[in-house]
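I opened a new notebook page for this structure. My entries follow in the order in which I looked things up.

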Amino acid sequence: MTDYNPQIVAIVNGILQQKFEVPLEKMKSEARLKEDLNLDSLDFVDMFILLEQKLGKTPQNVDFMKITTLGDIYQMVMDLNAEIQKN
Amino acid sequence: MKVLISGQGIISSLGNSPKEMFSSLLEGKTAVRLISDWDSMNGLNCRLGAPASPYEISSLPRTARRTMSPMSEMAALATHQALKEAGLAIPDFNFSKSLLIMGSTTGSPIGMEDYFRKLQQNNGVQGQSGTAFFKVMNHSVASNVAVALGFNGAVIAPSSACATSAQSVILGWELIKTGLYDVAICGGADELHYLSAAVFDSVYAASRGYHDCPTLTPRPFDKRRDGLVVSEGASVVILESEAHLAKRGGKALGEFCGGAYLCESSHMSQSNDQQMSNVMELALQKSGIKKSQIEYISAHATGTHQGDAAEALAISNTFGSQVPVSSLKGHLGHSMAACGLQELIATLMMMDEGQLLKTRNLEEVAPDCGGVMHLLENRKIKTNLSLSNNFAFGGINTSFIVKAIE
């Protein structure tokens, strides 16, 4: 079981709830983005814009095919945050 | 083969159903008001508008709403109304024989403003939403309604400014008459934005002199008219072949007898009475209706100096002074792409209710708008056949004829 940064989880969940109307109870790391949360590639673009506003940087060169669960989003944002911290 | 109207839907400045709008029209209400947000708009002389009545979009799924600007939201809601009234659901459609014909003047002006503001702020496309394009593309309304419905038939998006929904319904009629299609969802929508007001303002066609008493303008055919007032909304009707409607046991609200569109190619913005007469004549001819049968004319008359005078002359030359004429722009404002079908729906209700609506704010007929029978008051009279005009910048002239169901 992956440990996700609670702050990152809160940021992502906040965006999903406010912008994409995802019910809080559905936000589980194993939730499938398309099938369970009704999110698709159009939503990813807007999600990245909102993440950039929160974190100051947008994810680059993302392989969307590999992002299938909410946990993948948490991990991607954690990686992005680590990169920001490093620089 | 007859083409029948089986459903109608409206989001308008005076109500969000045909019944609500007609009730407001009967009472002589107007939706025109000062738009205070436009006060700071440098160079805009007309700061009047007629916003749509508040509407609720929570019934539309998020994945449909995310690519919609207000014009698409209103069009989707109006389409749902029309389909409900027609008793049609998406699984009922044979998509190979079904049309969705719907348009707007441009893609969303609200979306365009947002897009270009970000473009300038960010010195490039950084930060543009993934849904932005789907609001500003020219076929935004048609595609968004199709997605919201799950409609997989033929989608066509005419865009001819103030004649858009009139062209939509005439095109639907033509294509059903050919036998290629059974059903057409026809509509038009536009959203209120200062850019729309500015288009007319810049050519001195928008009202400027009534900011201290907004309800007194626009004044179609009136001596003291000084221009139009923009509005917003969506209007949708369902056309069906007589055979299709009969087969499914549906009920007709009226008959779409026919219509015509012709271009006035001598000028981009100025009306020409002869060409207006020509399009009315052609609409009659295509409908197989004689002039003497027309009992009411729904004029396009928006309250502009030149357009109203040209239309009055055209109607006078074509029909004389024995047919009642009115324009609804004094009540509703000018909803641009929506107005053609807005007026068709109002006209059907006039015939159904046996009440012709007056031209609001027409107090003294202008000398250059005489020669026709203006309705200065609502009139109780049973009518069965009406002609409706819609004209647009770019020389787009349209006219169509509708018949009451007896």
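How many salt bridges does the count come to over all chains? I got 23 salt bridges, taking a salt bridge as a side-chain nitrogen of Lys or Arg within 4 Å of a carboxyl oxygen of Asp or Glu.

**Ground rules.** I noted that this is a predicted model, where local features need pLDDT of at least 70, side-chain atom pairs count only at pLDDT 80 or more, and totals for chains, interfaces and linings use all residues. Residues are numbered from 1 along each chain as its sequence is written, chains are lettered from A and ligands numbered from 1 in the order in which they are written, and side-chain values use heavy atoms, with hydrogens and water left out.

**Chain B as a whole.** I found 13 helices and 16 strands in chain B. Helices (H or I, at least four residues) and strands (E, at least two) are DSSP runs, numbered from the N terminus. The radius of gyration of chain B is 20 Å, close to the 22 Å that the globule rule gives for 406 residues, so chain B is as compact as a globular protein of that length. That radius is taken over C-alpha atoms, and the globule rule is 2.2 Å times the number of residues to the power 0.38. Along the principal axes, the C-alpha atoms of chain B fill a box of roughly 60 × 55 × 40 Å.

I then checked burial. Of the 406 residues in chain B, 60% are buried. Buried means under 20% relative accessible area, exposed over 50%, and partly exposed in between (1.4 Å probe, protein chains only). I also looked at contacts, meaning heavy atoms within 4.5 Å. Among contacts in chain B between residues at least 6 apart in sequence, 80% join residues at least 24 apart.

**The eleven-strand sheet.** I traced an open sheet of eleven strands in chain B, in the order S5-S4-S6-S8-S1-S9-S16-S15-S10-S11-S13, with mixed pairing. Two strands pair if DSSP finds at least two bridges between them. Strand S5 (154–156) and S13 of chain B stand at the edges with a single partner strand each, so one side of each has no neighbour in the sheet.

I picked one pair inside the sheet. Strands S6 (residues 183–190) and S8 (residues 233–241) of chain B pair in the antiparallel sense over eight bridges. There B:Gly187 stands opposite B:Val236 in S8(B). Helix H3 (residues 70–86) of chain B packs on the sheet and touches strands S1 (3–11), S4 (98–103), S6 and S8 of chain B. The direction of H3 makes about 135° with that of S1(B). Axes are lines fitted to C-alpha atoms, for helices over the stretch in contact, and angles run from 0 to 180 degrees between N-to-C directions.

**The three-strand sheet.** I found three strands of chain B in an open sheet, ordered S2-S3-S7, and the pairing is mixed. Strand S2 (33–34) and S7 of chain B are the edges, each with a single partner strand, so one side of each is left without a neighbour in the sheet. S2(B) and strand S3 (residues 48–50) of chain B pair in the antiparallel sense over two bridges. The bridge partner of B:Leu34 in S3(B) is B:Leu48.

In chain A I looked at A:Arg32 and A:Asp36, whose side chains meet at 3.1 Å, N to O. A:Arg32 is partly exposed at 43% relative accessibility, and A:Asp36 is partly exposed at 29%.

Next came B:Glu174 and B:Lys286, with closest N and O atoms 3.7 Å apart. This pair links helix H7 (residues 164–177) to helix H10 (residues 273–287) of chain B, 112 residues apart.

Is B:Arg219 buried or exposed? B:Arg219 counts as buried, at 2% relative accessibility. B:Arg219 forms a salt bridge with B:Glu363, the closest N and O atoms being 2.6 Å apart. B:Glu363 is exposed, at 52%. Salt bridges with shared partners join B:Arg219, B:Asp222, B:Lys223, B:Arg224, B:Glu363 and B:Glu364 into one network.

**Two single residues.** B:His374 lies in strand S13 of chain B and is buried at 10%. Beyond its neighbours within four places in sequence, B:His374 is in contact with residues including B:Phe221 and B:Cys369.

Which residues does B:Gly130 touch, not counting those up to four places away in sequence? I found A:Leu42, A:Val45 and A:Asp46. B:Gly130 sits in the loop between helix H4 (109–121) and helix H5 (132–136) of chain B.
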